[in-house]
Amino acid sequence: MSTSSSTAAERDFKREFLKIAFMTFGILLICFSIFFVKHQENNNYIIETLKLNGSAEEGDALFKINCVGCHGITARGLVGPDLHSITQRLNDKEIIKQVTGGLTPPMPSFEIDPVNMSNLLKYLHSLE
Ligand code: HEC
């Protein structure tokens, strides 16, 4: 009697355990899918941006609107660092991540289309 009730409890436990294991697996799978899709979107954005040949003048105008508050009117630095010769320290991909990523507060993340991102890159290259 006691043996059979303990095996029933064991079976219950196994069933519960399997349920939780499957649920955990499902949640992980969803998380990985979201991460993968996001990563793919970011990659496509970077590839598209790097294919373009931006205009430094357009980038300059964009910089004056969005970035001078922190990086200074001539990009010599204010709250944010001096951006002259930044393109020697960071590659284009890293700069794109810096501008769109929002990974280093207080610098915000910018939602910027590939054409304008390419213009900004061209401008930053012109500061060398
Ligand atoms: C609210 C202020 C702020 C604004 C607006 C801002 N930045 Fe920044 N930025 C910073 C700060 C602060 C850092 C330094 C972050 C760190 O390294 O911790 C930084 C870092 C950077 C870097 C990396 C510099 C390095 O030496 O590694 C780049 C490139 C950059 N910003 C470009 C831009 C561009 C382009 C814009 C406009 C689209 C912009 N930032 C707008 C504050 C700002």
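Colleague: What should I know before I start?

Modeller: This is a predicted model, where local features need pLDDT of at least 70, side-chain atom pairs count only at pLDDT 80 or more, and totals for chains, interfaces and linings use all residues. Residues are numbered from 1 along each chain as its sequence is written.

Colleague: Happy with that! How many helices and strands are there in the protein chain?

Modeller: The protein chain has six helices and zero strands. Helices (H or I, at least four residues) and strands (E, at least two) are DSSP runs, numbered from the N terminus.

Colleague: Why is Ala-75 called buried?

Modeller: A residue is buried if 20 or more other C-beta atoms lie within 10 Å of its own, exposed if 12 or fewer, and partly exposed in between, with C-beta atoms placed from the backbone. Ala-75 has 21 other C-beta atoms within 10 Å, so Ala-75 is buried. You will find Ala-75 in the loop between α3 (68-71) and α4 (86-89), and its phi is near 60°, a positive value in a residue other than glycine.

Colleague: And what about Ser-85, is that residue buried or exposed?

Modeller: Ser-85 has 10 other C-beta atoms within 10 Å, so by that rule Ser-85 is exposed. Ser-85 also lies in the loop between α3 and α4, and its phi is near 60°, a positive value in a residue other than glycine. For the protein chain, buried residues make up 13% of the 128 residues.

Colleague: How do α2 (residues 56-66) and α6 pack?

Modeller: Their angle is about 95°, and their axes are 7 Å apart. Axes here are lines fitted to C-alpha atoms, for helices over the stretch in contact, and angles run from 0 to 180 degrees between N-to-C directions.

Colleague: Which residues meet there?

Modeller: Among them are Leu-62 and Phe-63 in α2, and Leu-120 and Tyr-123 in α6. Two residues are in contact if their C-beta atoms, placed from the backbone, lie within 7 Å.

Colleague: How does the radius of gyration of the protein chain stand against a compact globule?

Modeller: A compact globule of 128 residues would have a radius of gyration near 14 Å, but the protein chain has 25 Å. The radius is taken over C-alpha atoms, and the globule rule is 2.2 Å times the number of residues to the power 0.38.
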